Amino acid sequence: MITKLSKFKDSWVIKVLLSLTALSFVSLFGITSYIGSAGKNNAVIKVGPVRVTKAEINAQYNHELQTAKNLFGDNLEITDSMRLALMQGIIQKELINAIMKETADDLGVSISNDYIRKIIFSQSEFLDADGNFSKDKFNRLLSASGWTESKYIQTLKQDVIKQHLIYGLAENFNIPKFMTPYFEKINNQQKVFKYITIDSEKLPIDRKISEDELEQYYQDFAPQFVEPEARDISFIMLSTDDIAAQIKPSDEDIEAYYQENISQFVTPEKRNILQMVFDEEEDAAAAMAKLKSGADFYAVAKDLAKQDKNATELGWVEKDQLIADMGDKMFSLKNGEVAGPVKSEMGWHIMKLSGIKAKTEMPKAEARKKIISEIQKERAYDEAYEITTKIEDEIGAGKTLEDIAKDSKVKIYKAQGIRDNGSARVMPKEFNKLLKSTDFIDSVFSYNTNEISQVIEEEDGFAIVRIDAVADAHPKSIDAVRPEIEKMWAANERSAIAQEIINDVTHDLENGDTIDEAAVRFKLPMSTTKPLKRNENFANLNGLQMKELFQEPLGNPKLYGQDNVQIIAVASKVIESGSKLSKEETNALRMKTASEIVQDAANQLVNAYGSNYKVKVDYKEAGVDDL
């Protein structure tokens with residue numbers, strides 16, 4: 001099961017996506033959000049009585065997808081292979097979690113709350129400046145990540161159980177030093193490969209599709225040849241910006257907003273302060289004496305107050321942020337002057353002024369313009385609610401779309417051939433965004449001819465739709481889909497020809513022919529690689545495929561498929577090298593091999609645990625039939 005899940009297309013983006021899913025639970029304190037759902041409870045994973053539902057899998061997928069977009073940007077295009085890889089990682093992780101939960105229950109393994117508490121209390125992420133556990137910091141981090149405390153503790157327990165039952169048994173595997181010569185031999189060995197490339201798209205077809213075949217395809221793939229329902233509509237759009245522009249705030253409203261949000265318009269004077277703090281007044285006085293004699297503030301703070309540079313720099317502060325009487329004093333000094341000692345409950349303070357940022361104030365005209373805009377935005381939705389409620393009442397009373405457009409002083413737009421997939425034959429360019437709106441499309445397909453929809457709230461305003469015409473779904477004629485059928489038939493025909501060639505070439509190679517002979521006989525292009533090491537590749541083969549190919553004897557054919565291209569490869573020559581690895585290279589190779597063995601052992605342990613239960617993964621339910 002684990003082996004099957006690990007076979008997917010190799011690309012750097014996919015590797016990053018999978019690392020996101022792996023890190024979500026492997027790291028004890030890699031806090032990520034967990035979204036529960038009581039929606040569809042169809043099980044995707046079953047391990048004995050343990051169930052993982054489709055809703056849980058989808059929630060994990062949506063979270064990991066958002067994490068990926070945060071990493072790469074919102075414009076990240078998720079391809080089918082990336083989606084498949086991401087879902088594979090999630091399903092693999094949840095499958096392991098389910099197996100380990102059932103195993104722990106059967107073995108009577110449990111993790112106490114006291115043990116979890118000790119782990120949490122020891123993590124730097126949750127400690128305050130004094131090195132003590134901060135409940136507030138803990139809660140803030142959980143809240144920011146969408147976790148509840150109980151869910152976080154439950155997940156942490158799962159990770160500790162996996163550490164005990166999997167990694168604790170598999171880790172600490174060392175490679176004996178006497179195997180070093182074998183590592184050197186393996187690492188330095190090179191192989192030359194010959195390979196035949198069979199590109200089905202380039203294979204010639206010596207006949208055309210017959211009328212009988214055309215008819216058979218038309219019947220067999222009838223659902224693909226249906227013209228979907230399409231609708232013509234008229235609609236109006238009430239922009240929230242237009243509604244806002246009609247709102248005229250009073251001078252009293254503008255002044256009240258200014259006073260309530262004064263920090264948006266006025267930035268008070270700030271001063272950059274250096275500070276040293278002493279427990280005893282005598283020590284503070286001694287430090288002040290040194291400063292008056294010309295000593296450097298940082299040097300005195302380090303020598304007498306035992307403060308480093310970071311502790312000494314208080315930073316940019318406003319007047320009311322300073323303690324006791326230091327606010328008035330520090331904001332009356334000139335740059336570079338020192339004040340103190342002054343006593344507070346924290347000790348004796350000496351402060352130095354090291355910079356001044358003057359008070360700034362937005363010009364009244366600019367502030368007024370901004371305030372009017374903000375008030376209009378705030379009130380636009382209330383105003384829009386009243387307007388749309390009035391319009392819906394008018395629709396109920398029988399008013400036409402033309403009447404509503406006239407009263408609202410807006411234009412009526414037309415769209416034709418709208419389908420439920422969000423496409424349209426004709427749509428005003430400025431409103432193409434509406435076709436991506438689920439609410440808009442649902443409304444277009446929820447009413448009958450000549451009916452007017454209720455008000456549809458959109459991101460930029462409110463839409464109202466009238467259905468002008470409905471073209472029901474109907475089968476396309478065979479003549480209309482002939483080009484599509486011919487293309488499908490040609491692809492299948494080339495695929496069948498390619499498979500026949502593959503079978504013939506493989507048969508000849510297995511019966512003693514060389515790959516050179518097979519290439520000539522079947523008029524196929526053949527390539528020869530340069531001498532390659534195990535960490536190198538050719539023809540876009542991935543690391544797992546190269547590792548497998550390196551293990552094959554000379555002349556033994558291996559077949560690899562890449563979309564429409566099939567590759568038949570054989571190792572044709574082995575080149576041994578007598579060079580020795582450096583000590584660092586040897587150690588790195590031993591560590592890499594040990595890591596691979598540990599991971600393999602961990603996988604074997606999970607498989608062994610899983611063999612004790614009835615395990616089922618419903619890929620179709622998860623929406624990944626390609627697995």
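**Figure 1. Tyr258 and its polar partner Glu361.** In this predicted model, the side chains of Tyr258 and Glu361 pair up in a polar contact at 3.2 Å. Tyr258 sits in helix H11, which covers residues 251-260. Leaving out residues up to four places away in sequence, Tyr258 touches Phe265, Val266, Glu361, Lys364, Ala367 and Ile371.

**Figure 2. Ile452 in the loop between H18 and S13.** Here's a loop residue that is tucked away: Ile452 lies between helix H18 (438-444) and strand S13 (456-458), and its relative accessibility of 15% makes it buried. What does Ile452 contact, once neighbours within four places in sequence are set aside? The list runs Ile395, Lys399, Thr400, Leu401, Tyr447, Ile464, Val465 and Arg466. Thr400 is 52 residues from Ile452 along the chain, with 8.1 Å between the two C-alpha atoms.

**Figure 3. Two asparagines with positive phi.** Asn450 belongs to the loop between H18 and S13, and its phi is near 75°, positive although the residue isn't glycine. Asn450 is exposed, at 60% relative accessibility. The other asparagine, Asn540, has phi near 65°, again a positive value in a non-glycine residue. Look for Asn540 in the loop linking strand S16 (526-528) to helix H21 (543-550); at 68% relative accessibility, Asn540 is exposed.

**Figure 4. Ser239 in strand S5.** Is Ser239 buried or exposed? Its relative accessibility is 19%, and the cut-off for buried is under 20%, so Ser239 counts as buried. Strand S5 spans residues 230-239 and includes this serine. Skipping neighbours within four places in sequence, Ser239 is in contact with Asp460 and Gly461.

**Figure 5. The cis peptide bond at Gly340 and Pro341.** Gly340 and Pro341 are joined by a cis peptide bond, with omega about -5°. Pro341 is part of strand S9, residues 338-344.

**Figure 6. The largest nonpolar core, and another one apart from it.** Nonpolar side chains tend to be buried together in soluble globular proteins. The largest nonpolar core here gathers 40 residues, and Ile45 and Val47 have the most contacts inside it. H4 is the top contributor to this core, giving 11 residues. A separate core of 18 residues lies apart from it, with Phe235, Val444, Tyr447 and Val465 among its members. Back at Val47, the contacts beyond four places in sequence are Leu95, Ala98, Ile99, Glu102, Tyr613, Lys614 and Val615.

**Figure 7. The second largest pocket.** This pocket holds about 500 Å³ of space. Which residues lie nearest its centre? They are Asn97, Lys101, Lys151, Gln154 and Gln158, out of 25 lining residues. By class, the lining has 11 nonpolar, eight charged and six polar residues. Strand S2 (50-53) and helices H3 (54-72), H4 (80-107) and H7 (149-170) each put at least two residues into the lining.

**Figure 8. Stepping back to the whole chain.** The protein chain has 627 residues, 39% of them buried, and carries 23 helices and 19 strands. Of the contacts between residues at least 6 apart in sequence, 71% join residues at least 24 apart.

Key:
Residues numbered from 1 in each chain as written. Predicted model: local features only at pLDDT ≥ 70, side-chain atom pairs only at ≥ 80, totals over all residues. Heavy atoms only, no water. 1 Å grid on protein atoms, 1.4 Å probe; cavity = no way out; pocket = protein on both sides within 12 Å on 5 of 7 lines; lining within 4 Å. Points joined across faces, edges and corners; volume = space filled by probe spheres on them. Helix = DSSP H or I, 4+ residues; strand = E, 2+ residues; numbered from the N terminus. Nonpolar A, V, L, I, M, F, W, Y, C, P; charged D, E, K, R; others polar. Contact = heavy atoms within 4.5 Å. Polar contact = N/O pair within 3.5 Å; in protein donor to acceptor, adjacent residues only side chain to side chain. Core = buried A, V, L, I, M, F, W, Y, C linked by side-chain atoms within 4.5 Å. Buried < 20%, exposed > 50% of the residue type's maximum accessible area, 1.4 Å probe, protein only.
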